[in-house]
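Here are my notes on this one, in numbered points. Have the model open while you read, and jump around as you like.

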Amino acid sequence: MDGTRGRLLIAGLAALLLLSAAPPSVTQAEDENAEQRSILSLIGARAGEVIADVGCGKGTWTFPLARAVGPHGRIYAVDIDREKIDDVRKRKDRDDVKNITVIHSIPDDPMLPSGQLDAVFLNDVIDYVGRSALAGFLAGIRSALKPAGRLVIRDPNGNPDRVIAECYRAGFTLVEAKVPLSSVPTRTFSNTWYALKLRRAEEMQPAILPRLGKPTRFRTRLHLAEELFRLGLISREELRNTWERIENAPGSFDPKVDEALDLIRAAEAIGVVPAKRAEALRTEARKRKP
Ligand SMILES: C[S@@+](CC[C@H](N)C(=O)[O-])C[C@H]1O[C@@H](n2cnc3c(N)ncnc32)[C@H](O)[C@@H]1O
């Protein structure tokens, strides 16, 4: 090989090496930043907050969350997989991150401290929790949250109805649903992501659980309208109209006072009747008691 060809070969190899070591394209980096921003704003993570990243895996979201809550906040990184938890622990020790607590949990209990959390985040986790573990898993999250604490669920399996129903059953109310989630980066394997923002409810919600109460004709109508609303088939306006028709229908609160109270409570939980009006209706229903 003569000198010129040799130099060309070396230059070519050097260029190849440089290319393979190049940082990710700007588009992917931008994509990841946008995803991070959208997740942090979805969770509403603020400085000083205490948040759990349950099913944290290797900590993809644990570390950005730790930066968002800052030195006066805390992130609980929880997972049932010992290897993943060890990875998070190693990375946290290596980078000397002081505001992360690692918890190796069990399937039906995230093993979080009671009543201390502002929010819990589940990213691509809920579908992995087995049916028999789900009730305990959600109950553990509920009792770890402060009153009105937030539960944010982001999942690639675009079928949130079952999850919403399970969360209601576990004592959460829905604040916001993004179905499908529009800000999902193009590089992900699924385009059916959704996000739910729920809050710990004061008491267990009867709204979409007719089997817990005795559904009356009116209660069933309200329940069905709510299901249609959740499926995106009717608007909130139409849901409210259904309630107004029930409220004005003769005999809708008769004859049994507990059924009437149940109906009003359901409407209140769905958010179609303001608290003041609900109270007035309750007073009226009690007066009719035979
Ligand atoms: C697909 S990974 C998602 C990891 C991470 N949240 C992310 O977005 O990169 C699902 C994780 O949930 C964890 N997991 C499954 N069931 C769980 C449970 N009952 N409690 C806690 N973690 C669980 C798995 O071990 C796994 O690490």
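1. Let me start with Arg236, which is found in helix 8 (residues 236–248); helices here are DSSP runs of H or I with at least four residues, strands are E runs of at least two, and both are numbered from the N terminus. Arg236 is exposed, with 11 other C-beta atoms within 10 Å. The cut-offs: buried is 20 or more other C-beta atoms within 10 Å of a residue's own, exposed is 12 or fewer, partly exposed is in between, and C-beta atoms are placed from the backbone. Arg236 and Val272 are 36 residues apart in sequence, yet their C-alpha atoms are 8.4 Å apart in space.

2. A word on ground rules before going further. This is a predicted model, in which local features need pLDDT of at least 70 and side-chain atom pairs count only at pLDDT 80 or more, while totals for chains, interfaces and linings use all residues. Residues are numbered from 1 along each chain as its sequence is written.

3. Now the overall picture. The protein chain has 10 helices and 7 strands, and buried residues make up 34% of its 290 residues. Taking contacts between residues at least 6 apart in sequence, 70% join residues at least 24 apart; a contact means C-beta atoms, placed from the backbone, within 7 Å.

4. Which residues have the most contacts inside the largest nonpolar core? They are Ile51, Ala52, Leu117, Val120 and Cys167, in a core of 51 residues. By nonpolar core I mean a set of buried Ala, Val, Leu, Ile, Met, Phe, Trp, Tyr and Cys residues joined through C-beta atoms within 7 Å. Leaving out residues up to four places away in sequence, Ile51 touches Ile43, Ala45, Leu65, Val69, Ile75, Leu117, Asp118, Ala119 and Phe121. There is also a second, separate core of 17 residues, and Ile246, Leu263, Ala266 and Ile270 are included in it. As a general background point, nonpolar side chains tend to be buried together in soluble globular proteins.

5. Strand 4 (residues 117–123) is worth a look. 7 of its 7 residues are buried, so strand 4 is largely enclosed by the rest of the structure. It runs parallel to strand 1 (residues 50–54), with 3 bridges joining the two; pairing of strands requires at least two bridges found by DSSP.

6. Asp124 has a positive phi of about 60 degrees although it is not a glycine; Asp124 is found in the loop between strand 4 and helix 5, and counts as partly exposed because it has 18 C-beta neighbours inside 10 Å. Ala148, not a glycine either, has a positive phi of about 65 degrees. Ala148 is found in strand 5 and counts as exposed, with 12 C-beta neighbours inside 10 Å.

7. Helix 9 (residues 257–270) has 14 residues, so at 1.5 Å a residue it should span 20 Å, and its end C-alpha atoms are 20 Å apart, which agrees. The expected span is 1.5 Å times one less than the number of residues. Its buried residues are Glu259, Ala260, Asp262, Leu263, Ile264, Ala266, Ala267, Ala269 and Ile270. Just after helix 9, Gly271 takes a positive phi of about 90 degrees.

8. On to the ligand. Of the 21 residues around it, Gly55, Gly57, Asp81, Asn123 and Tyr128 come nearest; a residue qualifies as near if its C-beta atom, placed from the backbone, lies within 6 Å. Strand 2 (74–79) and helix 5 (131–144) are the elements that give two or more residues to this shell. The shell residues divide into 12 nonpolar, 5 polar and 4 charged, where Ala, Val, Leu, Ile, Met, Phe, Trp, Tyr, Cys and Pro count as nonpolar, Asp, Glu, Lys and Arg as charged, and the others, Gly among them, as polar.

9. Last, Val179 lies in the loop between strand 6 (172–178) and strand 7 (194–200). With 18 C-beta neighbours inside 10 Å, Val179 counts as partly exposed. The C-alpha atoms of Val179 and Pro160 are separated by 8.0 Å, with the two residues 19 apart along the chain.

Technical notes: Two residues are in contact if their C-beta atoms, placed from the backbone, lie within 7 Å.
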